[in-house]
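Please open the model in your viewer and keep the sequence beside it.

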Amino acid sequence: MRAARGLLLAFAAFGAYWGAWGVLVPDVKEQVDASVTELGIAFLALALAALPAMLVTGRIVDRVGPRILPLTLVLFGLAAVLPGLAGSVWQLTLALILVGITTGAVDVVINVAATNVETSGGPRVMQVAHALFSAGFLVAAVAVGIARGAGAGALPVLAGIGLLVLVSAAFNRGYPAAPRREAPRRIVLSHRLLVLGLLCGLAFMIEGGIENWSALYLETDLDASPAVSGLGPGAFAAAMVGGRLLGQWLELRAGDRRLLSVGALIGSGGLLLAAVAPVVPL
């Protein structure tokens, strides 16, 4: 199914950007001469910009469906290059705000498109799509780490990834218009939904911390080479690929509640192990 193939390419390209970005953070930090605090504020601006973009995009998708996916991919592909052009902290912050807006929009539409493929009689793609996101992240993280070791700068790498995102947009044209439907005027939040939202927020905070900071930590605190620092976010992505590919199989055998509980325990154990691990230069 053409729509499924194009969508899977978009997920992989989307993941490749974030894999490349995580490994490029040390170079971008040096490029704009940012302190760790200033870099953290710029990252916070990205996250805060994504939230309203998700809300607005969700309303738009309710009315027109996923046919706006190519447009959001094009906008994201263009914004993806901007951090490589930044020459100061405020320019980087502005660039990341634009990245945050566009990535928030893509994140909503791309998942709606995957849901539509499944509900319209197509193959089950959600599990594979998210695994491909992590696979794209993994490949980009390792490849960009090697490229940085060979002297590649942030701008050409981001331009290459941005081009890949634009190519994926071309493969996602032709989604049919969705029947117009009004979004609910009132959202009812149950206690269970709030707890689930809190857990998701914590999970994404941990994921974002590892993706954005692990390469920088490996280089600045453990004296790792650029090629080795790429293995930090890369190893995380490799585990994500395995977890996402096994998730559906495990869910059918263990059930949602047990899988969530065991997964939380394993994740907590990993965080604790990382916190107490001795700092040994690589």
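A residue is called buried under 20% relative accessible area, exposed over 50%, and partly exposed in between, with a 1.4 Å probe and protein chains only. This is a predicted model, in which local features need pLDDT of at least 70 and side-chain atom pairs count only at pLDDT 80 or more, while totals for chains, interfaces and linings use all residues. Residues are numbered from 1 along each chain as its sequence is written, and side-chain values use heavy atoms, with hydrogens and water left out.

Rings of Phe, Tyr and Trp (its six-membered ring) pair if their centres lie within 6.5 Å, and the planes count as stacked under 30 degrees apart, edge-to-face over 60 and tilted for the rest. By this rule there are 6 aromatic pairs.

Select Phe 14 and Phe 133, an edge-to-face pair with 5.6 Å centre to centre and 70 degrees between the planes. Phe 14 sits in helix 1 (residues 2–32) and Phe 133 in helix 5 (residues 126–149), 119 residues apart; helices here are DSSP runs (H or I, at least four residues), numbered from the N terminus. Phe 14 is buried because its relative accessible area is 4%, and Phe 133 counts as buried at 13%.

Next, select Phe 43 and Trp 213, which also pair edge-to-face, at 5.1 Å centre to centre and 75 degrees between the planes. Phe 43 lies in helix 2 (residues 36–64) and Trp 213 in helix 7 (residues 191–220), 170 residues apart. Phe 43 is buried at 10% relative accessibility, whereas Trp 213, at 29%, is partly exposed.

Finally, select Phe 14, Tyr 17, Trp 18, Phe 76 and Phe 133 together, which ring pairs link into a cluster.

Terms used
Helices (H or I, at least four residues) and strands (E, at least two) are DSSP runs, numbered from the N terminus.
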